[in-house]
Amino acid sequence: MASAIPPGDPAVPQGPRPRRAFSARNITLYGALVLIAAYYALPLYVMIVTSLKTMPEIRLGNIFSPPVQITFQPWIKAWAEACTGLNCDGLSRGFWNSVRITVPSVAISIAIASINGYALSLWRFRGSEMFFGILVFGAFIPYQVLIYPIVILLRDIGLYGTLWGLIIVHSIFGMPILTLLFRNYFGSIPEELFKAARVDGAGFWGIFFRVMLPMSLPIVVVAMILQVTGIWNDFLFGVIYTKPDLYPMTVQLNNIVNSVQGVKEYNVNMAATLLTGLVPLIVYFVSGKLFVRGIAAGAVKG
Amino acid sequence: MPETQRPSQLLRNLNAKVASVPMILTAMFVFVGGTLWTVLYSFTDSKLLPRLHFVGLSQYDRLWSTARWIVSIENLAIYGVLSLVFSLVIGFVLAALLDQKIRFENVFRTIFLYPFALSFIVTGLVWQWILNPDFGVQHIIRGLGFSKFVFDPLYNQEIVIYGVLIAGLWQGTGLIMCLMLAGLRGIDEEIWKAARVDGIPMWKTYIFIIIPMMRPVFITTLVIIASGIVKLYDLIVAQTGGGPGISSEVPAKYVYDFMFRAQNLGQGFAASTMMLLAVAIVIIPWAYLEFGGKKRG
Amino acid sequence: MKLMTALLAASAFCGATIANATDLEVTHWWTSGGESAAVKEFAKAFDATGNHWVDGAIAGSGDTARPIMVSRITGGDPMGATQFNHGRQAEELVQAGLMRNLDDVAKAEHWADVINPKSLLEGCTYQGHIYCVPVNIHAWQWLWLSNAAFAKANLPVPANWEEFVADGPALRKAGIQPLALGQQSWQVTGLFNNLILALGGKDLYLKIFQDKDAKVAAGPDMAKIFKAADDARQLAQGSNVQDWNQATNMVITAKAAAQSMGDWAQGEFQVAKQVAGKDYTCLPGLGEPNPYITTGGDSIYFPKLSDPAKSAAQEVLAKVMLSPATQVAFNLKKGSMPVRGDVDLSTANDCMKKGLAILKAGNVIKSTDELISPDTTTQINDLMSQFFNDMSITPDDAQKKFAAIIGTAN
């Protein structure tokens, strides 16, 4: 795996940015990155050009060729006009519902999981490892299998059909992986740091908020990426555990792209998919600023 | 909070115990409870609705005499091994490349990660097109004069699972890259400086120093990849629907198809019980080794 | 949290409607362009009665929509009405007492007299009570042919299955895919069932699917059908598409000569501005003499509700859906056939008129959805898609497995 990185090159990987832009190392590095990026972007390219074509052109044409005549109609239709049953307002209909679902679900699931991970790595108690083992096992349960038991559970605690019910469901299904993520991250933070804080008299919550949380930015980013993507794109839980006035945007997306016995409009399908993916995309791009080095290392010294 | 430091067995670590209540409830009621519920109903003849009419092991008899189930397991084994290896290697290499203080890191990272954000109902369709011999890659390359070129992974029973793998890696490696990157960013800069002072080549530093230090990250990644493999479903539905024939069927699809399409909950639960049993057989010894006695990882 | 409460309150406010109208949520999977237009006809007619249709569209048919509907009903938060296919999908919900019976409406509206064919109402009847409203008929038994493809191969457009099979080699020679067939297993089974009914006849079809007679399934009559299926899989070789509409598109663009698919395929021809008779040919019952069609389609079921106003609205909805005007408006948009014989469909196109004539002649038969359980259907789907994709499975082998499935069918 290391072969992709020029071996034996004396250039320093962690030093200041090299002055010379066209060194052999840079050409190899950027060449590799651009090539790989092209592979990753190819299906996106197909989606974008398809979304800009008219249906007759799609029926005849080459999937890779750029549109002969660019049309933005599919995008407009996907966002504002596509009908599902009575409602002809496209994806825009569910957008705010998706926001209302995603923001609290992401926040709460990450809050719960980070505390879990913190307790499991630094404040172990009798049986904590067993619960963690069960959680890891839970990551492997196909979630469709749990649909009916959770319906019964939510019905019995009176939250079936509510936003809070859905937030709980997202927190439950996010918990195994996120807890694992935080537990292993906190576990790799130097122990001296924790001990020093204890000596200073900080308790469970004090250490968590003042020491651990500020150091865990990169892992919070990963957790956010996971949860925002998963919850924003979730369709099944959104429809099963809520009511139509709370349906997320993905219900419309599914209705646009997934009909069985009707005429399929590929250009609108592509536009709708790309539009739905925009919110996670923005999160990826913006949150990238938090992928910074050396938070943990700096804290040790300080 | 002094009580956390004064050891009285029950109150010891009280804050940690209180904070873990949601986790304990989830573990016991949802995962343990849900699993027991599933196992219980796998011994019934439940159809559309769960009902307790026991039929012994007959769901399991039928399961193991169904050709599709056997094919599903074989596919999962092939896909699982390849996906695990390639995801780890590609994810780590991408992260290492991005960790070279490059320009436009944000742009590259977003490109690699974007497939993860897109619903597979439609991206699966795009991969269908790209891998379609009549208008995808094969068509383009033949158009360039290589008229014997054959590339039809989705329409050849022997290799269809590799066609699925191409799209699966495309979709999933971005996330693995991010995990690895977060791990790399957590490594103390001093380590690199020391390695450089000692004149250790970069690739050696990665393999012998950095990767062992990233053990917790690798374990997290391993679990994420493995659980994704076991639950593999959307990708297959969107790309091949299990075809050609039944050659790209997987266990999770068997479970859902029997639960919801065939309206045979009992059969679906029997299949998922077998899956969970297999997972338990792997996880319990691992958990024992991982937690057994050691205080901190 | 304050923000959230405010948002919730705001949405509740927007969602509020005129006080005296009763809101009734209807879940269904009619979401494509034509289907949405059809649903609108239902909603318009229902809203005209002073009530309000709350649309709960969820695409994806059985495997996606069904767990959602079942969860809602068993979770104690049922919708006002919900779609299922004709047949046995909702049987257990009825058994569990979760659905209300419609005997009073049915009696007042004389459903027993107006619904045609009668088998549709039988499909809605459980232990003597009526539990659903059939709203349309979709027939599977069509062969769609591209006139341009046959012209390109210098062949006359065939009039039946045998002629089409005979044209196979000539079509291949002309570089045309003889039979377009999507990879999804339900499409393969659909083709196979069409062969049983068209080539084997009504009696064979009923012996297999109604009587579940394993002897007949293993017998010489079925052996002929498996021979025909063997022809079909040879003709379908090289048809590298997944979705049914991609296969239809091959016929539209004359890349393929034929496809056997239900009447919904017609929508694709219409959108591509093709004219029946001129650009494409449709053969009901695969062009065999005395064609029969199966009466698949959709029914609406009504969960039991505690609110009397909503229960009354359910009855209104049931009535409205079967009124002649709504039936015509809905089915013309949906591209399906109405469930009552006394309506005027002079505006239907040529292919649909052929179908209506068969319906009128009474040549109808229950669809496999109504005769066998979804479990058995899934097993047959798996077998058929294996048989069509793996040439090493002989027709004999496949028939033996098929007979075994029929033997244990329910």
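In this predicted model, chain C holds an open sheet of four strands in the order E8-E9-E7-E10, with mixed pairing. Its edges are formed by strand E8 (177–179) and strand E10 (280–284) of chain C, each of which pairs on one side only. On average, neighbouring strands of this sheet are turned by 15° against each other, direction ignored. E8(C) and strand E9 (residues 256–260) of chain C run parallel and are joined by two bridges. One position in this pairing can be named: Leu179(C) has Ala258(C) in E9(C) as its bridge partner.

The largest nonpolar core has 295 residues, and the members that touch the most other members are Val222(A), Trp144(C), Leu195(C) and Ala258(C). The element that gives the most to this core is helix H7 (residues 163–188) of chain A, with 15 residues. For Trp144(C), leaving aside its neighbours within four places in sequence, the contacts are Thr248(C), Val251(C), Ala258(C), Gln259(C), Met261(C), Ala265(C), Tyr280(C) and Cys282(C).

Chain C has another open sheet, in which five strands follow the order E2-E1-E3-E12-E6 with mixed pairing. Strand E2 (52–57) and strand E6 (132–134) of chain C each have a single partner strand, so one side of each is left without a neighbour in the sheet. Here neighbouring strands are turned by 25° against each other on average, direction ignored. Strand E1 (residues 23–28) of chain C runs parallel to E2(C), and six bridges join the two. Within this pair, Leu24(C) stands opposite Trp53(C) in E2(C). Helix H2 (residues 33–47) of chain C lies across E1 and E2 of chain C and runs at about 155° to E2(C).

The domain assignment divides chain C into domain 1 (23–138 + 296–357) and domain 2 (142–294 + 372–407). The C-alpha centres of domain 1 and domain 2 of chain C lie 29 Å apart. Where these domains meet, twelve residues of domain 1 of chain C are in contact with 13 residues of domain 2 of chain C. On the side of domain 1 of chain C that touches domain 2 of chain C, helix H17 (residues 350–360) of chain C gives the most, with four residues. That side has one nonpolar, eight polar and three charged residues.

Chain A is likewise assigned domains: domain 1 (2–71) and domain 2 (92–301). The contact between them takes seven residues from domain 1 of chain A and seven residues from domain 2 of chain A. On the side of domain 1 of chain A that touches domain 2 of chain A, the elements giving two or more residues are helix H1 (24–51) and helix H2 (55–60) of chain A. H1(A) has the largest share of that side, with four residues. By class, the residues of that side divide into four nonpolar, two polar and one charged.

Chain B has 14 helices and zero strands. Its C-alpha atoms fill a box of roughly 65 × 60 × 30 Å, taken along the principal axes. Of the 297 residues in chain B, 51% are buried. Among contacts in chain B between residues at least 6 apart in sequence, 65% join residues at least 24 apart. Helix H6 (residues 120–130) of chain B is mostly covered, with ten of its eleven residues buried. Among the buried residues of H6(B) are Phe120(B), Trp127(B), Gln128(B) and Ile130(B).

Chain B also meets chain A, in a contact that takes 95 residues from chain B and 90 residues from chain A. On the side of chain B that touches chain A, the largest share, 14 residues, comes from helix H2 (residues 21–41) of chain B. The residues on that side of chain B divide into 65 nonpolar, 20 polar and ten charged.

Note on methods
Residues are numbered from 1 along each chain as its sequence is written. Chains are lettered from A and ligands numbered from 1 in the order in which they are written. This is a predicted model: local features need pLDDT of at least 70, side-chain atom pairs count only at pLDDT 80 or more; totals for chains, interfaces and linings use all residues. Two residues are in contact if their C-beta atoms, placed from the backbone, lie within 7 Å. Ala, Val, Leu, Ile, Met, Phe, Trp, Tyr, Cys and Pro count as nonpolar, Asp, Glu, Lys and Arg as charged, and the others, Gly among them, as polar. Two strands pair if DSSP finds at least two bridges between them. Axes are lines fitted to C-alpha atoms, for helices over the stretch in contact, and angles run from 0 to 180 degrees between N-to-C directions. Domain bounds come from an automatic or database domain assignment. A residue is buried if 20 or more other C-beta atoms lie within 10 Å of its own, exposed if 12 or fewer, and partly exposed in between; C-beta atoms are placed from the backbone. A nonpolar core is a set of buried Ala, Val, Leu, Ile, Met, Phe, Trp, Tyr and Cys residues joined through C-beta atoms within 7 Å.
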